[in-house]
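Hi,

Here is the structure I promised to pass on. Have a look at it first, and my notes on what turned up follow below.

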Amino acid sequence: MSLNFNYGDDLDGTFSEEKENELSTKEYIVFLIDGTPQMYENDSPFLRSLETYRNIVRTKCSRNRRDKLGVMVFGTKDKNCDVEHLTVLQEFDVVTVDTLKTVQTILKDEANKYKEMASVAKYSLYNVLTHAYQTLLTSGSSLKTSNTIVLCTCNDNPCAEDSSERRRIQHLIATFKDTKTRLQVIGLSKSWNDEYYKDLQIIAGTFSDDFDYRRLKLNDFEQIVLNPAKSICKLPWKITPDIAVEVSVYNLVSTPTYPTKVKLEKGENEILDAVPLLQEKRSESDFLNSGPTDFVENANDGDDKQIITSHNIMYCKTYSDVTVYFKPEEVKQIKNLGLEPGIQILAFRKVVVDPLYHVESPYFISYTSLSSYESKTFFRAFVSKCYDRKVMAICKVVTKIAVKICAMIPSRTDGGFYMYKLPFIDTVRELDKQLPHFVFNPDNPCKMNKKAINLFEELMELTKVKFDIKNFTNPKLEKCIAHIEALALDEKLGSLPPDSTLPPPLKDETKMYVEELTRLLDLSSEEEAQKRPGSQATAARKRPRFDVEEMASKRALASLTVADLREYLVSANQPTVGIKSVLIQRIYDYLRL
């Protein structure tokens, strides 16, 4: 049995969800929040810190990765542990629905209580850090855990008058490197001075030197935790035959992790084991004449028929009309063609960024955390030189499972290179064949409306926005989190969060441009609409209009079609997935009937 396959594009290979969770590093994070009176002034940095902690808990609840979180408040009048002026707000433990419920209760009911607990008495930052550090070390941390202490404060130099306390803290922080514990300090005052805490973070190994240091804000740290860039491999970069620098490859895009789904037997609600099955390739006519499940039923007719899974197939690849077959274990051995892993520079050319040739997500290249001072200095100089001359390096990248030709685009701000895979002839989309009516033809140019072009340029200037990934959330993941939050609080699911990936409503000024362009280009004529068979506009025009809300109040939605129900849900920014009964119930829930 043979099936065509494509050699993997991912540098880190392809794993099942269970295997990925098994190999992934667990995160252990302890939040230390300053509870002194200045944390409750102005926009209340204390509450903002708790909200950031809540957002991290909400997302981690849906990932089921067994990460651990905890939060402590220092600088309080009372204590509930062995350290003076330290209150454990939430015990350090695995993130569960109960964790989210506790945090929501703190934010809703007990926020003012902690303001009354704020103390002006002097506290020992050394004792606070020691307690947090011991909490991490005694929680079962190992090589597969990432330990982080997050310090949120408005005081940029708590040991200004106590040199002995300063030295004790420095000696404690120096031991963080041995256990790979990171110290992240988030300054929340407007007149923040980095000097003291910057030195502590460098001593802890969070940053290697002043050049690597970046001051973090609450939103920045939240994005780092929820969307981390992971180092997927380390490779030697051969700058010249005699010079090589060890670099790390980071992925910038990761597949979101959703709550685990299980398949249940309808009658007894027993959990079923799902095994993916494969079938032989059939012609299009065979597929249309028989259902997609016929091969499963046929496999059960007789003992001589074998169920096809990913473990008992042969892979094949055709070379010059000759088909070569491989076993699954042989595929891994030939993906890098027997070459030694590494990065080799082939040429330099001017920086060119064409979105049409982005065949996969980019990676980021930088020096490793264990690189020597000389290697880091050389790498930074190499990045700066390429950036100043506006050139990118064309490189051959060989990993254990793939060979690629990539463009390395320098970034002085980020201190490294963005690596884009260059496509071969078989991965370039031939748009002139796929879209012959939309590709510019110099022999038969289309008529140009200069007034419409000017209006388009003004409209683009009016509607353009600066793209920031932080402004866009994953709508599917947000819906999962909303369901989990409703379960945690034992409340009825309210309105789902809006989809931030959808364009906002048009402003009046923008509508004027759209109407004028529609008039100039004659886009609203019935004759032009009829030339687009099967379009949504034509389909919607053929369907009669109904007052869905009035019919819903009369419980008469069953007389509508699925298309009508989905059209109303789209206008209400509600999900449109599901069978007819689900759509009807969703409209009732939305209208609170």
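Let me start inside the protein: Trp237 and Phe417 are both buried. Before you read too much into any detail, please keep in mind that this is a predicted model.

Those two residues also pair up through their rings. The ring centres of Trp237 and Phe417 are 5.2 Å apart and the planes sit at 70°, so this is an edge-to-face pair. Trp237 belongs to strand β7 and Phe417 to strand β17 (residues 416-421), so to speak a link between distant parts of the chain, with 180 residues separating the two.

Across the whole structure, the search came up with 16 aromatic pairs.

Now for the strands around there. β7 (residues 230-240) and β8 (residues 243-251) run antiparallel and are joined by nine bridges. They make a hairpin, with two residues between the strands. If you want a landmark, Lys230 has Asn251 in β8 as its bridge partner. On β8 there is also a pairing with β14 (residues 363-367), again antiparallel, through five bridges. In that pairing, Val249 is opposite Ile365 of β14.

One is Arg555, which lies over the face of Tyr588, 4.0 Å from the ring centre.

The other is Thr153, in strand β5 (residues 145-153). Is Thr153 buried or exposed? Its relative accessible area is 1%, so Thr153 is buried. The side chain of Thr153 makes a polar contact of 2.9 Å with the side chain of Asp34. Leaving aside residues up to four places away in sequence, Thr153 touches Asp34, Met39, Ile186, Gly187, Leu188, Ser189, Trp192 and Tyr197.

That's what I have for now.

Cheers

How values were computed
Residues are numbered from 1 along each chain as its sequence is written. This is a predicted model: local features need pLDDT of at least 70, side-chain atom pairs count only at pLDDT 80 or more; totals for chains, interfaces and linings use all residues. Side-chain values use heavy atoms; hydrogens and water are left out. Two strands pair if DSSP finds at least two bridges between them. Helices (H or I, at least four residues) and strands (E, at least two) are DSSP runs, numbered from the N terminus. Rings of Phe, Tyr and Trp (its six-membered ring) pair if their centres lie within 6.5 Å; planes under 30 degrees apart count as stacked, over 60 as edge-to-face and the rest as tilted. Buried means under 20% relative accessible area, exposed over 50%, partly exposed in between (1.4 Å probe, protein chains only). A charge sits over a ring if NZ of Lys or CZ of Arg is within 6 Å of the ring centre and within 35 degrees of the ring normal. A polar contact is a pair of N or O atoms within 3.5 Å; within protein, one must be able to donate a hydrogen and the other to accept it, and residues adjacent in sequence count only if both atoms are side-chain atoms. Contact means heavy atoms within 4.5 Å.
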